Amino acid sequence: AAVETLRSPEVGFKGKITLISREEHPFYYRIKTSKALQVDVTRVPFTTDRPNARATEKLYKSMGVSLVLGREVERIDAEGKTIRMRVTGDVTGKTSTSISYDKVLCATG
């Protein structure tokens, strides 16, 4: 919702947006998913090609949003304007990388 709001005509933000998520796959609407699972799941055709995930990737790309998936934010350095992140599940810190930012929005759920 944050990305849609930023890109809406009312707000009109045109700058670069990078969305970081610990999830390895593009986002999906959990509420709709749980409602869909209230049916007989043996009759629902689940596939591994994730058509909704591909559609979500295309949507974000069309909105000029870069997706950084499978990364956990370790630290936000407000003074240095950098975000330090690592590969999801890495407890060693060996996969840590940093990116810089102008403004940051933490949307945790």
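This is a predicted model: local features need pLDDT of at least 70, side-chain atom pairs count only at pLDDT 80 or more; totals for chains, interfaces and linings use all residues.
Glutamate 74 forms a salt bridge with arginine 84, and the closest N and O atoms of the two are 3.0 Å apart. Because glutamate 74 lies in strand E3 and arginine 84 in strand E4, this pair ties together parts of the chain that are ten residues apart in sequence.

**The salt bridges**

- The structure holds three salt bridges, and Glu72, Glu74, Arg84 and Arg86 are linked by such bridges in a network.
- Side chains of opposite charge can pair when their charged atoms come close.
- Arginine 86 and glutamate 74 also meet through their side chains in a salt bridge, with 3.0 Å from N to O; this pair links distant parts of the chain, since arginine 86 belongs to strand E4 and glutamate 74 to strand E3, twelve residues apart.
- Between the side chains of glutamate 72 and arginine 86 there is a salt bridge with an N to O distance of 3.6 Å, and here the partners, in strand E3 and in strand E4 (residues 82–87), are 14 residues apart.
- Glutamate 74 has a relative accessible area of 29% and is partly exposed, arginine 84 is partly exposed at 31%, and arginine 86 counts as partly exposed at 22%.

- Is glutamate 72 buried or exposed? With a relative accessible area of 17%, glutamate 72 is buried, because the cut-off for buried is under 20%.
- Leaving aside residues up to four places away in sequence, glutamate 72 touches Arg22, Arg84, Met85, Arg86, Thr88 and Gly89.
- A polar atom of the glutamate 72 side chain lies 3.1 Å from the backbone nitrogen of glycine 89.

**The chain as a whole**

- The chain contains three helices and five strands, which follow the pattern α-β-α-α-β-β-β-β when read along the sequence.
- Of its 109 residues, 17% count as buried, and the accessible surface of the chain comes to about 8700 Å², with 54% of that belonging to carbon and sulfur atoms.
- Among the contacts in the chain with a separation of 6 or more, 45% are accounted for by residues 24 or more positions apart.
- Val73, Ile76 and Val104 make a nonpolar surface patch of about 210 Å²; of these residues, isoleucine 76 lies in strand E3 (residues 71–77) and counts as partly exposed, at 35% relative accessibility.

Definitions and conventions: Residues are numbered from 1 along each chain as its sequence is written. Side-chain values use heavy atoms; hydrogens and water are left out. Helices (H or I, at least four residues) and strands (E, at least two) are DSSP runs, numbered from the N terminus. Buried means under 20% relative accessible area, exposed over 50%, partly exposed in between (1.4 Å probe, protein chains only). Contact means heavy atoms within 4.5 Å. Accessible areas come from the Shrake-Rupley method with a 1.4 Å probe; for residues, only the protein chains shown count as cover. Patches are made of residues with over 30% relative accessible area and no salt bridge: like charges are joined within 9 Å, nonpolar side chains (Val, Leu, Ile, Met, Phe, Trp, Tyr) within 5 Å. A salt bridge is a side-chain nitrogen of Lys or Arg within 4 Å of a carboxyl oxygen of Asp or Glu. A polar contact is a pair of N or O atoms within 3.5 Å; within protein, one must be able to donate a hydrogen and the other to accept it, and residues adjacent in sequence count only if both atoms are side-chain atoms.
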